[in-house]
Amino acid sequence: TGNKQCVTPPRHLELRLAGRRRPVLTMAYAHKVRANAKRVLEELHHLRSFGAAKPPHSVTSARGGDGQLKGVVRPALSAEDVVAREWFSDRMEEAGLISTGLDKIGTVLGRGTVETGAPRLLVGSHSDTQPEGGWLDGALGVIYGLEAARAIQEAGGPNAIDVINFQDEEGRFGTLTGSTAWATGSLDLHAVSKIPLVAGPAITLEQAIRNNHLEDRPLMQLEEDHPYIGFFEAHIEQGRRLELAKQSVAVVNTIVGCRQFRVEFNGETNHAGTTQMADRCDAASAAFDFVHEVRTAFTDLRSETSVWTVGKFEISPGAASIVPGQASLVLQFRDPSEERLDDMEAIVRQCHAKVSASSPVQVEMMFDRKNILGQAMDPLLQGHIAAAAEDCLGAEGWQTMHSGAVHDAGMVGKRMPSSMMFVPSINGISHNFAEDTDEEDIVNGAHVFAQAAARMVQHAHGIA
């Protein structure tokens, strides 16, 4: 099929599936499903070894919560990333799944062997990391998914779990590259890498594919008549709400939407000592005024779910004795509500108009990337996660919350019912070598995930 591989396996996989198929059972099994804690922790630590960072031992900020060095440098389509994905593919085969192997961009899918036409649950996440990444961001979700597939079989359930490891969730070549390609077929081969300092010189996605000898592989893409009852992803929270509540699991009810603007300020470069204040056309001052106006107006919204960031700010020519002639910034804001995001965008435009009218500096504002729409998680699947959390942790051991970060579950949710759960992040730290989660919470989360997945499959198969 050219450069598109469908969910329906090719003939050689069908033949392998036929030899392993087991009938769907009719007795309840979900309540018996528990993860193998030793296996989960061993595989997470082994996955960490691919691209394990080696900062100076004196860098205490690079250590996890137990004082150990746990950082990972495994950007999408780096050599370490590809080797890690090949290892994961082998692990799926050992777990009784049929691996497709890496596709054109490195996404890999392991298929359960339940009979054709029986409902399947898709689980997984990603294993690529940020330039200075932690050992659990994404990795937790793929190992939990693999463990759920094994644990359900070991409890007497069907092999009805498909496990997927999406490529480039972290955005080396674009936003949610792997899950976007899989769910929509959209792929920009000319996208240029955004983190060249770690993974080498800036290159296109097409060149990275060639460097890893994947150019002749098909690109996996979801079919319209897919067999999935839904998608289930586990992730670290990347915040402090669970830690502060002393809870092990959160059921995610929605994933935030995100909008991002670039604002450019064009003034006049001049001498910092001889140019009177009244005569200045100071681009940096106008930029500071804009940020102050936005911050004040956003704070007045008094929203507990809204966040905003000026994560990039540039001033030119950048000399202490020169009045800046140019400045630019990137403003990003997020909220679960599209209506709230509309209100925030209106505020940003009002602040742009106000600063433009009050300053001699020319101010231009434009979208910096496509809007990311928020995505509600499926209520039925949320209910199964909540029931598993209640069974494993009790009523006080879990909560419901929204996700402030963008995840593959949001993209997959455009095509099928989608769900997520979180485990705590120590000190709320992520995208950092110090990212960590207490092992007790990792194990508690693994039990909840495995049982929740079993409940989803059991319900889909009509077992009470």
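Student: Arg 240: buried, partly exposed or exposed?

Tutor: Arg 240 is partly exposed, at 41% relative accessible area. Buried means under 20%, exposed over 50%, partly exposed in between (1.4 Å probe, protein chains only). This is a predicted model, where local features need pLDDT of at least 70 and side-chain atom pairs pLDDT 80 or more, while totals for chains, interfaces and linings use all residues. Residues are numbered from 1 along each chain as its sequence is written, and side-chain values use heavy atoms, with hydrogens and water left out.

Student: Which residue forms a salt bridge with Arg 240?

Tutor: Glu 243, with the closest N and O atoms 3.2 Å apart. A salt bridge here is a side-chain nitrogen of Lys or Arg within 4 Å of a carboxyl oxygen of Asp or Glu.

Student: How many salt bridges by this rule?

Tutor: The count is 23. One of them joins Arg 39 and Glu 154 at 3.0 Å, N to O. That pair links distant parts of the chain, helix H2 (residues 37-48) and helix H4 (residues 139-154). Helices are DSSP runs of H or I, at least four residues; strands are E runs, at least two; both are numbered from the N terminus.

Student: And Arg 39, buried or exposed?

Tutor: Arg 39 is buried at 17%. Glu 154 is exposed at 54%.

Student: New topic. How many aromatic pairs?

Tutor: Twelve. Rings of Phe, Tyr and Trp (its six-membered ring) pair with centres within 6.5 Å; planes under 30 degrees apart are stacked, over 60 edge-to-face, the rest tilted. Phe 166 and Trp 182 sit at 5.7 Å and 65 degrees, so they are edge-to-face.

Student: Are those two buried or exposed?

Tutor: Both Phe 166 and Trp 182 are buried.
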